[in-house]
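This briefing takes a careful look at one protein structure, topic by topic. Please keep the sequence and the model in view while you read.

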Amino acid sequence: MDKKYIYLGSDLQLGNFFLRKNMIVSEENFKEIIKENKKAKELFIGTSEYPKVKSNLAFYSKKIEKAFQEVLNAV
């Protein structure tokens, strides 16, 4: 079974992908997105790790926002 990833940033279009907050993507799509913009990797988390992040969302929100801005600047 392929690993799945959850997108944590705000709505964004990268290449052929329109990403929405909390959207789940397959490992294959994740790799294509990362090819498009390497900095986007920080905006995803494995589905198995999501409960840990969700419980500490206030801690991760600034990191996510900073990564999102870096991705926007690279687009």
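A residue is called buried when its relative accessible area is under 20%, exposed when it is over 50%, and partly exposed in between, as found with a 1.4 Å probe on protein chains only. By that rule Phe-59, at 64% relative accessibility, counts as exposed. This is a predicted model, in which local features need pLDDT of at least 70 and side-chain atom pairs count only at pLDDT 80 or more, while totals for chains, interfaces and linings use all residues. Residues are numbered from 1 along each chain as its sequence is written, and side-chain values use heavy atoms, with hydrogens and water left out.

**The sheet and its helix**

- Helices (H or I, at least four residues) and strands (E, at least two) are DSSP runs numbered from the N terminus, and two strands pair if DSSP finds at least two bridges between them.
- Three strands form an open sheet in the order β4-β1-β5, with antiparallel pairing, and its edge strands are β4 and β5, each of which pairs on one side only.
- From one strand to the next the twist averages 35 degrees, where axes are lines fitted to C-alpha atoms (for helices over the stretch in contact) and angles run from 0 to 180 degrees between N-to-C directions.
- Helix α1 packs on the sheet and touches β1, β4 and β5, while its direction makes about 90 degrees with that of β4; here contact means heavy atoms within 4.5 Å.
- Strand β1 (residues 4-7) is joined to β5 by three antiparallel bridges, and Tyr-7 stands opposite Phe-44 in β5.
- Strands β1 and β4 also pair in the antiparallel sense, over three bridges, with Lys-4 standing opposite Ser-26 in β4.

**Aromatic pairs**

- Rings of Phe, Tyr and Trp (its six-membered ring) pair if their centres lie within 6.5 Å, and planes under 30 degrees apart count as stacked, over 60 as edge-to-face and the rest as tilted.
- A search of the whole structure finds four aromatic pairs.
- Because the rings of Phe-30 and Phe-44 have centres 5.2 Å apart and planes at 75 degrees, this pair is edge-to-face.
- Phe-30 belongs to helix α1 (residues 27-36) and Phe-44 to strand β5 (residues 44-46), so their pair ties together parts that are 14 residues apart in sequence.
- Both partners are buried, Phe-30 at 9% relative accessibility and Phe-44 at 8%.
- The rings of Phe-59 and Tyr-60 are also edge-to-face, because their centres are 5.1 Å apart and their planes lie at 80 degrees; Tyr-60 is buried, with a relative accessible area of 19%, whereas Phe-59 is exposed.
- A cluster of Tyr-5, Tyr-7, Phe-30 and Phe-44 is linked by ring pairs.

- Ser-26 is found in strand β4 (residues 24-26) and is buried, at 17% relative accessibility.
- A polar atom of the Ser-26 side chain lies 3.2 Å from the backbone nitrogen of Asn-29.
- Not counting residues up to four places away in sequence, Ser-26 touches Lys-3, Lys-4 and Tyr-5.
- Lys-3 has its place in the segment before β1 and is partly exposed, with a relative accessible area of 36%.
- Leaving aside neighbours within four places in sequence, Lys-3 is in contact with Val-25, Ser-26, Glu-27, Gly-46 and Glu-49.
- From C-alpha to C-alpha, Lys-3 and Lys-38 are 19 Å apart in space, and they are 35 residues apart in sequence.

Technical notes:
Polar contact = N/O pair within 3.5 Å; in protein donor to acceptor, adjacent residues only side chain to side chain.
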